[in-house]
Amino acid sequence: MEETIEHQETFIEKLFHCCFDKNDEDFELKDDEDISKINSSLLIKTKNELETEFSIFPTSAIREEEIVKIEFTKEGLLKYISNLQYSKYDVIYNENNIKISKRNSSEITNKFPLFRCEITKNKSYFLNIPSIQKLVNTMAEPELRTKWDDNIKVYKIVEKINDNSEILKIITNKQLGFISEKEFYDKRIEVINNGVHYLYSSSIPESNNLISLDYDKAINYICLMIVKEDEDNFYFDCYNQVDININPPDKFIEFNLPNKTISFFKKYFEFLNTF
């Protein structure tokens, strides 16, 4: 983040050198009063443009452990995602075009395992082959997600950051008979690069004033879906590292995760065939 701040300062210096170059014959500021007359709307616009160019999320939405690990620009996020993709994982399930694997930690935290799910879906399954954007929207838009995902009790946008990013409030239903309802507050962005769609989210800091918990708090350290296609198939590459305030044995997770994943995507694909 320090590098990003320095970049912003350089940008500001260049802007003012461009607009108010002292070598320019027309440039003259006689006193402090003249300086104060510089159009404040220019400064405000510059700040907003900088936030858009250099940070895809406001500082208040970034967790402390993320600050030193992720540069939240488009390029920085794609680099972080690339590191996730090319890290080493242990495969725990690999059947019927679904591969599930895990790592014991991530760059963000070593307290919880990171799970990866890779799915290949042949386009012949669909009655009308959807666009990748439709695939992403069906996963991301609250009015669609709540129609097919029965794991969800509440799924809504509580703050819109810009056209591609927002803050979400998510409450999940009870799971597996003993996991209580969990409440997440996540920042999320969709990034498109060379035809590949990235839907990335992670939880905001507990200090953020948007948080008002009604249920047991949970934290998404990483929640990511990558979607791409070729002529015959769609390819999904999903990552999740989560703290739900319980620590079930690894064997329990590894036993239940494949069935939960298969069920989740089965409902997702079936719903995509309804519209």
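Q: What makes a stretch of chain a helix or a strand here?
A: Helices (H or I, at least four residues) and strands (E, at least two) are DSSP runs, numbered from the N terminus. This is a predicted model; local features need pLDDT of at least 70, side-chain atom pairs need 80 or more, and totals for chains, interfaces and linings use all residues. Residues are numbered from 1 along each chain as its sequence is written, and side-chain values use heavy atoms, without hydrogens and water.

Q: Which element gives the largest share of the lining of the largest pocket?
A: Helix 8 does, with 9 residues. A pocket is an open set of points on a 1 Å grid over the protein atoms alone, where a 1.4 Å probe fits, with protein on both sides within 12 Å along at least five of seven lines; a lining residue has an atom within 4 Å of a point. The lining has 48 residues, and Phe-184, Asn-220, Asn-240, Val-242 and Leu-257 lie nearest the centre. Strands 3, 4, 5, 6, 7, 9 and 10 each supply at least two lining residues, as does helix 8.

Q: Why is the pair of Phe-265 and Phe-269 called tilted?
A: Rings of Phe, Tyr and Trp (its six-membered ring) pair if their centres lie within 6.5 Å; planes under 30 degrees apart are stacked, over 60 edge-to-face, the rest tilted. These centres are 5.9 Å apart and the planes stand at 35°, so the pair is tilted. Both residues lie in helix 8 (residues 250-272), 4 residues apart, about one turn of the helix.

Q: How do you know that Phe-265 is buried?
A: Buried means under 20% relative accessible area, exposed over 50%, partly exposed in between (1.4 Å probe, protein chains only). Phe-265 has 6%, so Phe-265 is buried. Phe-269 is buried too, at 4%.

Q: Which residues do ring pairs link into a cluster?
A: Phe-265 and Phe-269 are in the cluster, together with Tyr-125, Phe-126, Trp-148, Phe-234, Phe-236, Phe-264 and Tyr-268. The whole structure holds 19 aromatic pairs.

Q: What makes Phe-72 and Tyr-200 a tilted pair?
A: The centres are 6.4 Å apart, with 50° between the planes. The pair links distant parts of the chain, 128 residues apart. Phe-72 is in the loop between helix 4 (64-67) and helix 5, and Tyr-200 is in strand 7. Both residues are buried.

Q: Which residues have the most contacts inside the largest nonpolar core?
A: They are Phe-57, Leu-77, Tyr-80, Leu-84, Tyr-200, Leu-224 and Tyr-239, in a core of 29 residues. Such a core joins buried Ala, Val, Leu, Ile, Met, Phe, Trp, Tyr and Cys residues through side-chain atoms within 4.5 Å. Helix 5 (74-85), strand 6 (182-193), strand 7 (196-203) and strand 9 (219-229) each give two or more residues. A second, separate core has 25 residues, including Ile-119, Phe-126, Met-139 and Leu-199.
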